[in-house]
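Here's a quick briefing on the fold you're about to look at. Have the viewer open and follow along by residue number.

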Amino acid sequence: MKLVSFLNSLFKHDGFELIDSNSKKYVIGKPSREKPISLKLLDPKLMQKLLLYPDLYFGEAYMDGSLVIENGNITEFLDLAFKNIGRGNINSYGAVIKKLRGTYRYLTSFNKIAKSKENVAHHYDISEKLYDLFLDENRQYSCAYFKNENDTLEQAQNNKIHHIIKKLNIRPNQKVLDIGSGWGTLALAIAKETQASVTGITLSENQFEYSKNKAKEMNLSNKVDFKLIDYRQLNEKFDRVVSVGMFEHVGRKFYRTYFNKVFKLLNERGIALIHTIGSSMPPRDPQPWIQKYIFPGGYTPSLSEVANPIENSGLIVSDIEVLRMHYAHTLRNWKERFLSKKDIVLDMFDEKFFRMWEFYLASCEMAFKWGDQVVFQFQLSKDNSSVPNTCLLYTSDAADEGLGVDLGGRRI
């Protein structure tokens, strides 16, 4: 069978058992466990579909229950699969289809303001209660910063906030813009800790209302102003611009627009910090399952795709930090919290939704652990002299901060 032959050529480390819809068993690779993980296919069409386009059909089959994991769970299987796949394409068929679909999406993608708002609502305006089930107490939905992999999620998210504030070198009474402010945690922390004046913008109505109420609750409404607006609609000047976890939604066609706008928003001695998921590989097309079910319009860029529009905007790259395992640990924490609340999730949604989000969190965790996914933190300025030398800015805290080197952080 073609699928069995293909899988045996792919799995060089460890292995599993494949059971087709007729209950026939096949050994894939060389399983190391006495009772190997079993992948049970209940739909006879899956044998062909998984060979043709596993990037999409595997996740869909897990969602609808036509693919079942036995003697293990989806995280264990994906850990094994991603370890063998690494950073490459799964097969030539899937690569061709992904390229065709990716090209079509690029040619037909018009991520205008209205469409951006629609895409954001698809993911962030599902239910307030859903995010409380797995995020930290401050609802930070982006990569945390683990000084130690055993840090709690709350500790690691606070580490991230302080790391970003230091990079921005914020001073009291400066004007700060947070593009894609989420539930407002970073904007509120900046105002509280630095006494700066912060504007946070979002396209999510749920996040906007939550942030406004949180500012009132913390008596920070006089220092933080949240707006339901697209970044392209702003015409103010700011001393600092920060964006965490929003750039993934900009879209490849709009990178030049985005960085040109950041340049215009910054004062002449301003500093920006852009935190985004990216890829350590050359440009490639979006992951189809994630695009279809989780982040429509989303795309994680390669470094080469971002460098050119930054340079052409007039912005200066003063520092780049690359984080990888930090996000794997963040996703692991989110996934474990989500799974522990399964009964609550099923009361809110259904089994298919639960499996969809389990697959989303587990597959993204393994993409950071074994694949090409990383986080870029770009520190940008308009003037070489506006940013302290890297050694002066970071060295004094290197022993305390750790800079994430042991967990996959790399400085450039």
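**Quick tour of the fold**

Strand 8, helix 11 (residues 255-265) and strand 9 form a right-handed β-α-β unit, where right-handed means that, with the strands pointing away from the viewer, the path from the first strand over the helix to the second runs clockwise. Helices (H or I, at least four residues) and strands (E, at least two) are DSSP runs, numbered from the N terminus. Keep in mind that this is a predicted model: local features need pLDDT of at least 70, side-chain atom pairs count only at pLDDT 80 or more, and totals for chains, interfaces and linings use all residues. Residues are numbered from 1 along each chain as its sequence is written, and side-chain values use heavy atoms, with hydrogens and water left out.

**The big picture**

- The protein's secondary structure comes to 18 helices and twelve strands.
- Out of 412 residues, 56% count as buried; buried means under 20% relative accessible area, exposed over 50%, and partly exposed in between (1.4 Å probe, protein chains only).
- Take the contacts (heavy atoms within 4.5 Å) between residues at least 6 apart in sequence: 74% of them join residues at least 24 apart.

**Around strand 8**

- Seven of the seven residues of strand 8 (residues 238-244) are buried, so this strand is largely enclosed by the rest of the structure.
- Strand 5 (residues 175-179) runs parallel to strand 8, and three bridges join them; two strands pair if DSSP finds at least two bridges between them.
- V176 has R240 as its bridge partner in strand 8.
- Strand 9 (residues 266-279) also runs parallel to strand 8, with six bridges joining the two.
- S243 stands opposite I274 of strand 9.

- An open sheet of four strands has the order 2-1-3-4, and its pairing is mixed.
- Its edge strands are strand 2 (25-29) and strand 4 (67-70), each of which pairs on one side only.
- From one strand to the next, the twist averages 25°.
- Strand 1 (residues 15-19) pairs with strand 3 (residues 38-41) in the parallel sense over three bridges, and L18 has L39 as its bridge partner in strand 3.
- Helix 1 (residues 2-10) lies across strand 1, strand 2 and strand 3, at about 25° to strand 2; axes are lines fitted to C-alpha atoms, for helices over the stretch in contact, and angles run from 0 to 180 degrees between N-to-C directions.
- Helix 4 (residues 74-85) lies across strand 1, strand 3 and strand 4, running at about 120° to strand 1.

**Helix 10 and its crossover**

- Five bridges join strand 6 (residues 197-202) to strand 7, and the two run parallel; the bridge partner of G200 in strand 7 is F226.
- The chain gets from strand 6 to strand 7 through helix 10, and this β-α-β crossover is right-handed.
- Buried residues in helix 10 are Q207, F208, S211, K214 and A215.
- Seen down the axis of helix 10, the buried residues fall within an arc of 135°, so they line one face of the helix; the arc is that of the directions from the helix axis to the C-beta atoms.
- K216 and E217 are exposed on the other side of helix 10.

**Loop residues worth a click**

- Most residues other than glycine have a negative phi.
- N71, not a glycine either, has a positive phi of about 60°; N71 is in the loop between strand 4 and helix 4 and is partly exposed, with a relative accessible area of 39%.
- D383 is in the loop between strand 11 (373-381) and helix 17 (390-394), and is partly exposed with a relative accessible area of 27%.
- Leaving aside residues up to four places away in sequence, D383 touches E268, R269 and I316.
- D383 and I271 are 112 residues apart along the chain, yet their C-alpha atoms are separated by 8.8 Å.
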